[in-house]
Amino acid sequence: MVALVRAAALTDFSEVMREVGGNPEDALRRAGLRPALVRERDQLLDATTTARLLEDSAQVTRCETLGLRMARARQLSNFGALSLLLQHQATLRIALQTLIAHVHLLNEALMIELEDAGDLVILREDFLSDSPHRQSIELAVGVLFRMCEALLLPGWRPQSVSFQHAAPQDLSVHRQHFRCPVNFNANLSGIVCRASDLDEPNPMADPVLARYAQTIVETSGPGRQASMAQQVRRAIYLTLPSGGATSKTVAQGLGLSTRTLQRELMAEATTFSDLLEDIRANLARRYVADPRYRIAQIAEMLGYGSHSTFTRWFTSTFGASPHVWRARAAGTQPAAISAPSAVP
């Protein structure tokens, strides 16, 4: 099933494109998107097409910060009907949990995880895609920052912001937007903040309006309900590194029995094994193509117990070992990486 995203994700695309010397109408047409259609915020677009639009536009304009520039003026209202529900939650933590539960209404390809780490909280974001998405992830993290800022105080600062990709040549846009340390080539993309910040009472919270907003979101929110396959895909993605991506643990996390999970996936013409294999293949292509990741590290990230097990699976799946596949992706000869000193 094609993942969809609200056209509101492209808010300020045209303005930023003109700001950096690009032609937004031409960019949209090249992507197969009608400019008039994109202006309808609740219109649903192909998430892959939208991500490719941002990457191609950044390349054409030579603007490495296109996505983050689009996030600068974002408001809660850009979330549509969901914005009212978020605005009236008792704390930022509950608002974030609410966002995670309904994120499929905004972007079916986006994944958000809230992880407690002692006195800190890690807000991790990523996309269930094997295609490049530097601009999309910077837009998503930038928008999440703006949401936290709107629900706390304008002077709020996270502890740090991280991105898995490399740093741009000019860091000024990142520094102006986040006003905190920004790390690149990190293990995850997201925001690290104090746990105490998330539990501060929200002065705008109104439980009556929250219940009203919940009804609106449930009955008239744009988009589709998250399918069981979508929920399982997100759960697999989150539990892969720990080796917990099994049908039993995923079913428990979703509050289901293993048999019920299997039955609901069968009703959607898929299985847990199919989803697990698909996600591993997508992520393997992304990680192996990126020379920053050692092959042993990739094996761990995909939940394999050993380097050799991962190598056998990858070779069987893609017809070449990870080292050879990486060399081909980089446009070099496999022999160039055959020496032990060159193997990641």
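How far apart are the mean positions of the positive and negative charges of the chain? In this predicted model, the 35 positive and 34 negative charges have mean positions that lie 4 Å apart. Keep that in mind as we walk through the rest of the chain.

Let's turn to the overall fold. The secondary structure is made up of 18 helices and 7 strands. The chain has a radius of gyration of 21 Å, close to the 20 Å that the globule rule gives for 344 residues, so it is as compact as a globular protein of that length.

Next, consider how the chain packs against itself. Among contacts between residues at least 6 apart in sequence, 67% join residues at least 24 apart. Buried residues account for 49% of the 344 in the chain.

Finally, have a look at the cysteines. A search of the whole structure turns up 0 disulfides. For C148, the nearest cysteine sulfur is that of C193, 6.1 Å away, whereas a disulfide needs the two sulfur atoms within 2.5 Å. C148 has 0% relative accessibility and so counts as buried. C180 is in no disulfide either, and its nearest cysteine sulfur, again that of C193, is 10 Å away. With a relative accessible area of 13%, C180 is buried too.

Methods. Residues numbered from 1 in each chain as written. Predicted model: local features only at pLDDT ≥ 70, side-chain atom pairs only at ≥ 80, totals over all residues. Heavy atoms only, no water. Helix = DSSP H or I, 4+ residues; strand = E, 2+ residues; numbered from the N terminus. Rg over C-alpha atoms; globule rule 2.2 N^0.38 Å. Buried < 20%, exposed > 50% of the residue type's maximum accessible area, 1.4 Å probe, protein only. Contact = heavy atoms within 4.5 Å. Lys, Arg positive; Asp, Glu negative; His and termini not counted. Charge placed at Lys NZ, Arg CZ, Asp CG, Glu CD.
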